[in-house]
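Subject: The structure you were waiting for

Hi there,

Here is the structure to open alongside this email. Have a look at it, and then read on for what turned up.

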Amino acid sequence: MNFDISEEQQLLQQMIRQFLEKECPTQRLREIFESDTGFDAALWKGMVELGITGLHLEDSYGGAGLELIDLALVGESLGYGGAPGPFFGHALAGLAIQLAGSEEQKRAWLPRLASGDAIGTVALGEANGIWQPEEWQLVADGSSVLTGEKLNVPFASIADVIVVGVAGGGLVLVESSAVGVDIQPIEGVDRSRRIDSIRFEAAPCVPLPNGEAVAPRVRDAGLVLLAADAFGGGSRLVDMSVEYAKTREQFGVTIGHFQALKHQLANMAVELEPSRALFWYAAHAFDHIPVEAERAAATAKAHISDRVMQIARDAVEAHGGIGFTWECDVQLWFKRAMFDRAFLGTPAVHRERSAQLADW
């Protein structure tokens, strides 16, 4: 039995990596990272033209009709390239509307999200580290208006539609241009994936009919995408460290000759590579093994994001004194690892969830 990804999936990843190497080399990534918005419209348009915005949406709405594993493989490639932009929130918004929305809501938004004519995002986080559907406290009064606040919303400032998690574990749609929606930037650590706060003051909203049943699945899909992104970023950090060891010289030889560094680089690779199966399996389970999907997603997010955070620390050490500086490219992926570790809950949160789901 072949457990590898298909040739088509490999070509998809290769296509995205080649696109990012050409259109978003490190110099361009730094420019976007240091800009006011963290958004490059031309780069996003290129990603849209690659088809990644509708990859997981049904073909009847202009998508490709593929599965979460395909979306996760895209996420891995974007993580490797350090790609800036609203892919994460956009993908989850489309998934939420597809799984929980009415036919009218699907027709109104999915073709626009698939084509890139509209940008979507999700507002799941609240104060005090609240992320999980059963914890949400924002109330939709009469199911038609929202008053309250959501935090850490990816690229809310450029989104057209926002899928908002509300008390009771439901989901509602809010148009960002609606009256009573106040979006303010938050200075996050990963400037390639900007986050905002949203203050709702009697803002009009429309419930997604199956929101309560679907909200945990949207959360799980988000965990898988974060794990995939972290894995891609970790792979980039390993490659950067190996390349640096081949070129940096001390005492007349490249530092890759030193046994201690050889061991450190080998340990980084050994820590990372086996974890690939975790996000592959979690993505597969999402569509094919629902009884295991929730725990698999929690485990993948907890383990991979934690391991990649340590790999990021090791990469800084492997680069020596320069590794701590803004000028060193390691900082770009170090901060990406921090985002992936914290967003939707820390590893400790999801390890506890995983244990509870296993009845430990």
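In what order do the four strands of the open sheet come? The order is β1-β4-β5-β8, and the pairing is mixed. Before going further, please keep in mind that this is a predicted model.

At the edges of that sheet sit β1 (120–123) and β8 (206–207), each of which pairs on one side only. Strands β4 (residues 161–166) and β5 (residues 170–175) run antiparallel and are joined by six bridges. Helix α6 (residues 103–115) lies across β1, β4, β5 and β8, and runs at about 65 degrees to β5.

Next, a pair of helices. The axes of α2 (residues 26–33) and α11 (residues 330–342) come within 11 Å and cross at roughly 55 degrees, which makes α2 oblique to α11. Their crossing is left-handed. From α2, Thr 26, Leu 29, Arg 30 and Phe 33 meet Gln 331, Leu 332, Trp 333 and Lys 335 of α11. Sorted by type, the residues of this contact are four nonpolar, two polar and two charged.

Last, one serine to look at: is Ser 77 buried or exposed? Ser 77, which belongs to helix α4 (residues 68–81), has a relative accessibility of 1%, under the 20% cut-off, so Ser 77 counts as buried. Apart from neighbours within four places in sequence, Ser 77 is in contact with Gln 13, Ile 16, Arg 17 and Leu 20.

Conventions: Residues numbered from 1 in each chain as written. Predicted model: local features only at pLDDT ≥ 70, side-chain atom pairs only at ≥ 80, totals over all residues. Heavy atoms only, no water. Axes fitted to C-alpha atoms, helices over the stretch in contact; angles between N-to-C directions. Helix = DSSP H or I, 4+ residues; strand = E, 2+ residues; numbered from the N terminus. Parallel < 35°, antiparallel > 145°, perpendicular 65-115°, else oblique. Left-handed = near helix turned anticlockwise from the far one by under 90°. Contact = heavy atoms within 4.5 Å. Nonpolar A, V, L, I, M, F, W, Y, C, P; charged D, E, K, R; others polar. Buried < 20%, exposed > 50% of the residue type's maximum accessible area, 1.4 Å probe, protein only. Pairing = 2+ DSSP bridges.
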